[in-house]
Amino acid sequence: MSGNRSKLLIIAVVAILIVAFFVFDLGRFLTLDYLKSQQQAFQSYYAANRGSTLFGYFTLYILVTALSLPGAAVMTLAGGALFGFWTAVLVVSFASSIGATLAFLVSRFLLRDWVQGKFGDKLRAINQGVEREGSFYLFSLRLVPLFPFFVINLVMGLTPMRTVTFYWVSQLGMLAGTAVYVNAGTQLGGITSLGGILSPGIIFSFVLLGIFPLLAKKMLEFVKRRQTVPAVRPPANEQDEEASARQFDKPERFDYNLVVIGAGSAGLVSAYIAAAVKAKVALIEKHKMGGDCLNTGCVPSKALIRTAKMLAYRRRADEFGLQKGRIDFDFAKVMERVQSVIKQVEPHDSIERYTSLGVECITGAATVTSPYTVEVNGRTLTTRSVIIATGASPLVPTIKGIEEAGYLTSDSLWEIREKPGRLVVLGGGPIGAEMTQAFTRLGCQVTQVEMAERIMGREDPEVSALIQQRFETEGARVLTSHTAREVVIEDGEKILLVDHRGETLRIPFDQILVAVGRKPNIEGFGLKELGVRISDRGTVETDALLRTNYPNILCAGDVAGPYQFTHTAAHQAWYAAVNALFGDFKSFKVDYRVIPWATFTDPEVARVGLNETEAREQGIAFEVTRYGIDDLDRAIAEGETEGWVKIITRKGSDKILGVTIVGSHAGDLLAEYVLAMKQNIGLNKILGTIHSYPTLAEANKMAAGEWKKAHTPEGLLRWVARFHTWRRGR
């Protein structure tokens, strides 16, 4: 409350002073005509009272600039006319900087929290830019008189810029403009208007002076890209220092505009874009076109999940009295169906298709030997740019005895043809969760082991609880807070030893699936030897343009992070390809603002933006709107009533900060919210959009309706009720 009172007090004082300025027409004393008419009197008074005149002028100047009142330019002229050039420059320089800083602080105190709270997500990139290079841009703005100084003061107060930085940059940046006005003041008799002080030629000179730092910065970046030395960041260790000192001979001519290494989602999209804009591009893949998603990830897993779901539906037919008895199936045929689905999708990512699009596809192991050369199959390819899109591989933790016992990963799982009677799934993330349910439905005795307190840890606790309960209802055993320690083989039987609260649990199994995460593929193709920097996460380190410390070597997909989704790999690929091909002229920072994802359990879990847990951790003022899918007609008709739509909105607004959907086809339903967040569409417009009946998509409209009901203007409706009563003649 004390903070609010202080704000109200400051607002009142500032308002009173500004109103008084205009009500009493004090601005008439800060005009050029008045100054010229009183010049002789001012000079006489100054001659008799130097100290008090300087102090009064200094204080008044600070007040005018702090309140952002008109008249600072005239006061600067007055300073030159009264005090002479050097004295006036000294006094005005400090008074203007102090006044500007006070305006900066008032803006910060009164408005920054509100502005950042309401628009913080949009301003995140600006805030980061100000923290990184704010002084540079402020200095440029101060040099250009086209930008009103008082606007700069107020706007900068809303950013994270440090007060000390704002002051000294303003002191330095405004010095040139101050000198021009003071010098004009020394010739006051010859000035007929303020416009005459800054002639078009002088304004143009100031503009050039202001944009010179920006042009110089761009020129330096251009030179760095042309030289192609690892100079995006300073060296962090001896290896980086050695790489930074190396120079590479740039070929006079290149075989390719772009060489892409890796033909997964990121590599395919990068090559496709390059070919579409008529660049000469080579795509190198050492294994199979389509990468993990086609061959060992998204496609085979979803095919298996679909088959398992169909078997679950057949079992559920008993609930409706439609079928009785045992359901038999051939596990080997289930896995063969998975391979047939891969075969059907393969042509989309095939060498034949991409060759027809204009991409030169090369099968082989690539090695980057310099920023301009890639070796493959004994050939040396010269290229202007390289995109690394080598993806990731299953992470296998160090567990004693697991190598001897043997294990499956998401890469090797699809090779088995004999159904494991007892399956252990290590990991409670998306892959572990999907495979736990699928193999349970296929009739395996599944034990899921997760070292964290709950499975699906990225989601809200209620989501984790629902999915775990569903798994256990279907017959899986879910062990959270259990840490795998060792695999032993006793009398030919494989046993996993796990630690739980100081005790050791023994879990016999036939197969163990390791699904604890994926590690970026950074080894074996020359990156470390070249000195390409690797981040603490194990990914290739890139900047906002997806460039490595060699500006013409870029990265996209799982190997770059921070997300390991097929759709984000394709999303990054657009930025990587465009920046690689056109970065010397125009570059684009990758946009991660709206990233959706889905886990294809049953019910599905789909999310975009913040969930409730994250919003609370970030201290955001938010509201939660929830709609239960058990109320939806289509869900009731299909017997798929488990789940909900949960929307996080900014407090008091229909602006969507995040959505979590749990239910049938949640991944498909989420698309409407992804579009809404991307295009800044609020819940009111979703509510006003017609949705077909009966569809699951109506859940989105119903959820928006729940938000509207919670924000009904009760006071207004009471008056409306009185109006209708009056209309009835009562």
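Let me start with helix α27, which covers residues 714-727 and, with 14 residues, reaches 20 Å from its first C-alpha to its last, close to the 20 Å expected at 1.5 Å a residue, the expected span being 1.5 Å times one less than the number of residues. Helices here are DSSP runs of H or I with at least four residues, numbered from the N terminus. Just after α27, Gly 729 takes a positive phi of about 85 degrees.

This is a predicted model, in which local features need pLDDT of at least 70 and side-chain atom pairs count only at pLDDT 80 or more, while totals for chains, interfaces and linings use all residues. Residues are numbered from 1 along each chain as its sequence is written, and side-chain values use heavy atoms, with hydrogens and water left out.

Now to α4, residues 50-66, and α5, residues 72-83, which pack at an angle of about 165 degrees with their axes 10 Å apart; axes are lines fitted to C-alpha atoms over the stretch in contact, and angles run from 0 to 180 degrees between N-to-C directions. That angle makes α4 roughly antiparallel to α5, a term for angles over 145 degrees. Among the residues making the contact are Leu 54, Tyr 57 and Tyr 61 of α4, and Met 75, Gly 79 and Phe 83 of α5, where contact means heavy atoms within 4.5 Å.

Finally, confidence: the chain averages a pLDDT of 85, and 81% of the residues score at least 70, pLDDT being the predictor's confidence in each residue, from 0 to 100. Over residues 201-210, however, the pLDDT is below 50, and this stretch has 16 contacts in the model beyond near neighbours in sequence.

Notes: Helix = DSSP H or I, 4+ residues; strand = E, 2+ residues; numbered from the N terminus. Parallel < 35°, antiparallel > 145°, perpendicular 65-115°, else oblique.
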